[in-house]
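Keep the 3D view open as you read.

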Amino acid sequence: MASLQLSYDELPTRLKQCLLCFSIYPEDSVISAEQLVHWWVGEGFVQGKDTRTAIELAFDYLSELISRCLVEVVKQRGFDGRVYSCKMHDLVRDLTIKIAREEEFCSFDEHGRQRPTIRSRRLGFKDEEDVKSLNKKSKLRAFLMMSSSPVSLDRTSPLFRVKSIRGLDFSQNKLENIPIQKLMHWISSLAYLNLRGVATLKELPQFIGELRNLQLLVLTGCNNLQKLPLSITNLQKLTVLDIGYCPIQYLPQGLGRLSNLQELSGFKVPSSENRNGCRLGELQGLSQLKVLRVNISEESDIAEDELTVMSKLKQLK
């Protein structure tokens, strides 16, 4: 443990908070690298610099933690080494819990179990007991679902009285008993929202456009999500929009106004009969776009003047 403490002490400041995030994951968890970096960016631990986006730098940070043998790779991409999933050795996890408790990064008891208090900043939710001690004075900044078990949070839950949350991740749960409207109606500070694979999500409410600080919106794998509201084009700070593997027929017109968008996954090219969908040509206004994943079907229609849109995206990688 002493040598591990030394390894932590020698970390650059920018990596220390990122490493402490691992403390809230259960023992032996296989952790999605994408979930991690989205959380880091949403909380402001990583920010873009020069030509590098915050997401790109966050993956670099993760690779650096791996090279220092503090994090282990579970799965990675062959041609460039991009990490898909990772885990942490039990001893390193014990160290992160110890330091997270000392620095009030997260709240743990002497046995290393999370014990939410009014001073808790981050919470990995395992069961409903985890939120009973929260109240409207809580300073919670990140709330991540760690269980796939159904939960029955309702409007009276202490969680819904917290106003300081920047990151909300329900990607590990089906949310079968929670009306989706209740998840967003009360949060004005939200920067990161992950609803990956939430089967009950059929339509986003119009007031999602009021989440003006939202930077990352992950909806991939919501296999009943039929449409996005027009108000989504009001999210001017949005840098990541992921609607991959969703049965959405088209995206609303006005998407080209999201001038800070850096990653767009799941863009559907509409048919010629569809007058309401965002056309491919509108994407040429997304001057910061680096990653674009497009779905083209037999019904999709690309006009002659839209064929040059890719050449207008100077940042595309």
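A cavity, as the word is used here, is a set of grid points where a 1.4 Å probe fits but cannot get out. Rolling a probe the size of a water molecule over the atoms shows where empty space is left. With that in mind, please note that what you are looking at is a predicted model. The structure holds 1 cavity of 30 Å³ or more, and about 50 Å³ of space lies in the largest cavity. To find this spot, look for its lining: F22, Y25, P26, D28, S29, I31, K87, M88 and R93.

The largest nonpolar core counts 49 residues, and F22, W40, L62 and L65 have the most contacts inside it. Several elements each supply at least two residues of this core, including the helices α1 (2-9), α2 (13-20) and α3 (33-43) and the strands β3 (83-87) and β5 (142-145). The biggest contribution comes from α4, which gives 9 residues. For a close-up, select L65: leaving aside residues up to four places away in sequence, L65 touches L11, L15, C18, L19, F22, W40, L70 and V71. Apart from this core lies another one, of 47 residues, with I208, L211, I232 and L286 among them.

Now turn to the strands. How many residues of strand β10 are buried? The count is 6 of the 6 in this strand (residues 263-268), so β10 is largely enclosed by the rest of the structure. Strand β9 (residues 240-242) runs parallel to β10 and is joined to it by 3 bridges; here V240 has E263 as its bridge partner in β10. Strand β11 (residues 291-295) is also parallel to β10, with 5 bridges joining the two. In that pairing, S265 stands opposite R293 in β11.

D50 sits in the loop between α3 and α4, and its phi is near 55 degrees, a positive value in a residue other than glycine. Is D50 buried or exposed? Its relative accessibility is 77%, and exposed means over 50%, so D50 counts as exposed. Y245, in the loop between β9 and β10, has a phi near 60 degrees, again a positive value in a residue other than glycine. Y245 is exposed as well, with a relative accessible area of 74%.

How values were computed:
Residues numbered from 1 in each chain as written. Predicted model: local features only at pLDDT ≥ 70, side-chain atom pairs only at ≥ 80, totals over all residues. Heavy atoms only, no water. Core = buried A, V, L, I, M, F, W, Y, C linked by side-chain atoms within 4.5 Å. Buried < 20%, exposed > 50% of the residue type's maximum accessible area, 1.4 Å probe, protein only. Helix = DSSP H or I, 4+ residues; strand = E, 2+ residues; numbered from the N terminus. Contact = heavy atoms within 4.5 Å. 1 Å grid on protein atoms, 1.4 Å probe; cavity = no way out; pocket = protein on both sides within 12 Å on 5 of 7 lines; lining within 4 Å. Points joined across faces, edges and corners; volume = space filled by probe spheres on them. Pairing = 2+ DSSP bridges.
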